[in-house]
Amino acid sequence: MSTTSAAPQEPLPTVENAVPAADPHPAAAEEAGAARRSGRCKKLEAQLRGEVGRAIADYRMIEDGDRVMVCLSGGKDSYTLLDMLMSLARRAPVRFELVAVNLDQKQPGFPADVLPAYLERLGVEYRIVTEDTYSIVKRVIGDGKTMCGLCSRLRRGILYRVADEIGATKIALGHHRDDIVETLFLNMFHGGRLKAMPPKLVSDDGRHVIIRPLAYCAEKDIARYARGRQFPIIPCNLCGSQENLQRAKIKAMLRQWEREDPGRTDRLFRALQNVTPSHLADRTLFDFASLTATRAPAGAEADI
Ligand code: SF4
């Protein structure tokens with residue numbers, strides 16, 4: 001009689017214990033992964049380009065012959081903005097020029113060579129402007145206080161001047177849908193005003209038209225796109241300033257709302273495009289004082 005000792009049984013693979021088999025062609029798998037990632041990036045690019053194209057058309061942001069100054073800070077939003085506008089400039093039926101402008105504010109540690117190298121590679125016309133606003137802001141604002149307000153005002157003044165120098169007809173900024181909705185809540189919560197950040201506006205002195213072509217784009221899509229494209233991001237806190245605390249709180253509030261009720265930020269943005277002044281309370285927008293009934297009260301006709 002022959003006996004066979006039972007070999008220890010291999011557990012049957014289950015969903016829980018399954019381990020991926022070693023890939024005999026790791027390079028091919030990596031290539032396939034890269035192709036999938038690049039496919040996703042292309043899809044996202046097409047989506048963002050569509051949103052930018054729609055915003056430009058809806059608000060007539062760019063017209064034939066425009067020379068658009070694209071403000072490039074080195075953050076994800078402005079890289080995406082430049083990318084989208086370059087892509088549209090190649091495809092759009094209207095002809096417009098782009099000039100990328102970066103302001104080197106002399107923050108300590110600002111990598112001054114990153115943007116010129118990137119822009120050279122792109123082959124886009126560009127200008128790097130160097131102005132030491134950092135020292136001014138540091139001198140004026142006390143330690144530990146948020147410097148972003150003064151810093152942005154100084155930056156805006158310089159950018160307007162540069163727009164004149166280069167003959168720009170439009171100034172494009174990288175604010176997106178979430179920036180616009182956050183600004184709405186900042187103004188409501190802290191200023192008692194129903195006011196956001198418009199997709200297109202004229203500067204206070206009436207000399208410049210500012211456009212925000214990313215107005216329809218969600219920040220999370222821009223962030224994903226920027227990661228996929230591996231833009232050489234330069235952080236905007238080299239100066240050590242804290243992000244505006246109130247804005248950060250509102251951002252967190254909106255993120256929480258979005259988790260609980262997906263699509264809410266988008267609906268809030270759409271609300272800005274769909275305003276009914278007669279159902280608000282601003283007497284300068286709607287003539288409440290002159291409101292009268294358009295029909296005689298019931299029974300009045302019988303009395304006549
Ligand atoms: S983080 Fe620094 S560079 Fe950016 S806006 Fe604020 S003060 Fe200016």
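Tutor: Let us begin with a meeting of two helices. Lys76, Asp77, Tyr79, Thr80 and Asp83 of helix H2 are in contact with Ile222, Ala223, Tyr225, Ala226 and Arg229 of helix H7. Two residues are in contact if their C-beta atoms, placed from the backbone, lie within 7 Å. Helices (H or I, at least four residues) and strands (E, at least two) are DSSP runs, numbered from the N terminus. The model is predicted: local features need pLDDT of at least 70, side-chain atom pairs count only at pLDDT 80 or more, and totals for chains, interfaces and linings use all residues. Residues are numbered from 1 along each chain as its sequence is written.

H2 covers residues 76–91 and H7 residues 219–229; they pack at an angle of about 75 degrees, with their axes 9 Å apart. The axes are lines fitted to C-alpha atoms, for helices over the stretch in contact, and angles run from 0 to 180 degrees between N-to-C directions. H2 is therefore roughly perpendicular to H7, a term for angles of 65 to 115 degrees. The residues of this contact comprise five nonpolar, one polar and four charged. Here Ala, Val, Leu, Ile, Met, Phe, Trp, Tyr, Cys and Pro count as nonpolar, Asp, Glu, Lys and Arg as charged, and the others, Gly among them, as polar.

Another pair may be set beside this one. Helices H6 (residues 177–191) and H9 (residues 264–272) pack at an angle of about 70 degrees, their axes 10 Å apart, and are therefore roughly perpendicular to each other. H6 contributes Arg177, Asp178, Ile180, Val181 and Leu184 to the contact, and H9 contributes Thr265, Leu268, Phe269 and Leu272. Six of the residues in this contact are nonpolar, one is polar and two are charged.

Helix H4 (residues 133–140) shows two sides. Thr133, Tyr134 and Val137 are buried, meaning that 20 or more other C-beta atoms lie within 10 Å of their own, all placed from the backbone. These residues cover an arc of only 105 degrees around the axis, which puts them on the same side of H4; the arc is that of the directions from the helix axis to the C-beta atoms. The buried residues of H4 pack against helix H5 (148–166). Ser135 and Arg139, on the other side of H4, are exposed, a term for 12 or fewer such neighbours.

Finally, the protein as a whole has 10 helices and six strands, and 24% of its 304 residues count as buried.

Methods
Angles under 35 degrees count as roughly parallel, over 145 as roughly antiparallel, 65 to 115 as roughly perpendicular and the rest as oblique.
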